[in-house]
Amino acid sequence: MNKYFDNSDFSRYRHCKTLFVKGRLMPLAEDEASVYRQSEYARLREELFKLLPDGIDCRSVEPDAAFAALEKGLEEGEKAFRNVCFVAGAFCAYVDEVCVTDEGLCAYYTKTTPKITESAVAKAAYIAEVAKRSGHPLAAIRVAVCNRSYVRKGAIEPEKLFKINDVAPRTEEAKDVVAAFFDEAERLLAEPIVREMSVKCERPDKCEYFASCVATERPCMLDFHGIDGGTMFKLFESGVKSLDDLLDNAHLLKPPQAAMVRMYLTDDEMHIDIPRVRAFIEKLHYPMCFLDFEACQPALPLYDGTRPFMQIPFQYSLHVKRTEYSELEHFQFLPKKGVDPRPEIARRLFNQIPHGACVVVFSKGLECKVLNQLASKYKDLGSKLTAARGGVRDLQELFASRAVYSKAMLGSTSLKAVYPAMFPGDKSCDYSALDVRNGAEALRLFTRAQYEDDAASAEHYAQLYTYCGKDTLSLARMVMLLQTVTGAEIGVKRNKNRRRRHRKKAE
């Protein structure tokens, strides 16, 4: 265990004391995708700080050695330092750059965010306190964040990519949590771990230690979806653990939430509202497509013409069923490493989506946004892409409206919960054995592939192809199952409308 408490320890403490303790006592392996992203970010950060006066590199694996290099340089009259670490007692704080100015010491560090967040201010307050206790108070703390309006043209220009802001005036906002950290850090490690579960366990991402904190048989009541996190965690901490416990305590929920819990958990049957599902299926028509995109929002723009955090589609899977009796055709795409995928995605979809097709998706937000963006950017292909956008039908609506539900879905309307409930035991679209099981993991793997050698990238791409293809195959199978169960005729609504238009023309 590192003998010093550092910036990362403080960030974990500020988020959750349980996370802080477990992160110290049971550290997890570093996420490889994060390492690849950070390596490129670190290179640009180094270029940014080359714009400042050349300085001494204090880099060292030992905080004591890095701090000693800083103190020695200050004594010798040096004005600039890189990879600095301040040390005060059991605490240390890392910064990217320190400069000696007329006002005193000025520290710099970078954040992969588009603005100064509360987290950045709190980190600056922690750095300022450690520096002060080390005998080197800071006159200013400047944070470099991504300039969201920067558009890449050729190689990334660090001086344009980053915006530098002085956050020293705001550090008073976080003085209480910093003081608490200094007071409690050592004591917390000497005490038994006290679970401190709240909505923070899942925001902004699910905590790596979530399963160990739950420590009860799964699925449990925390696996149920559709109830606000605050209420769920309060019930769990009060002793409501299992799904049966949740059902018994449904009266403690808001009436709509209580009704949903009872709806899902009272029996094991699959419930299908035949009239509503039939009406949805009959609005579909051939040719029919099943489409799914994967997209990224990289802090560092990967391609010319893109901005930090701009949403970029990097993969799609498309299954096409041209007629009632034709076989499913499958198309998919991933870009070559370093090549902007958007023009090729637009061109391929233009050729692969049949004219006038019905496009079935699951949760239409991303698919509609991407089709709109591609149609707007590539005018020569825009008419067909716009038509495809107009033909989108969102299958998730049936599950969100509870026209189809079962206990196995646990209140979730995600594809990963819905498909196994409708096809129990079917392994052909099972994600559990894959290296990529959801969109977040697909994004991490794609990011890694951009920075690895060709052999490793090819392996990651093969995993991504397998993952994305399962999503659209699942959509196709669900539509066919619902058609069979309801006896609906695909295209009946469209045929009726055509006959109606023909009659009007004849009259």
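Strands S8 (residues 288-296) and S9 run antiparallel and are joined by nine bridges; strands count as paired when DSSP finds at least two bridges between them. Helices (H or I, at least four residues) and strands (E, at least two) are DSSP runs, numbered from the N terminus. This is a predicted model, where local features need pLDDT of at least 70, side-chain atom pairs count only at pLDDT 80 or more, and totals for chains, interfaces and linings use all residues. Residue numbers start from 1 along each chain as its sequence is written, and side-chain values use heavy atoms, leaving out hydrogens and water.

On its other pairing, S9 runs antiparallel to strand S10 (residues 329-333), with five bridges. Follow Leu318 in S9 across: Leu291 stands opposite Leu318, and the bridge partner of Leu318 in S10 is Phe331. 10 of the 10 residues of S9 (residues 312-321) are buried, so S9 is largely enclosed by the rest of the structure. Buried means under 20% relative accessible area, exposed over 50%, partly exposed in between (1.4 Å probe, protein chains only).

A cis peptide bond joins Tyr286 and Pro287, with omega about 0°, and Pro287 lies in the loop between helix H12 (274-282) and S8. The bond from Arg218 to Pro219 is cis too. Most peptide bonds are trans, and most residues other than glycine have a negative phi.

Now for phi. Asn83, in strand S2 (residues 80-88), has a positive phi near 50° and is buried, at 13% relative accessible area. Arg402 has a positive phi near 65°, and at 22% relative accessibility counts as partly exposed.
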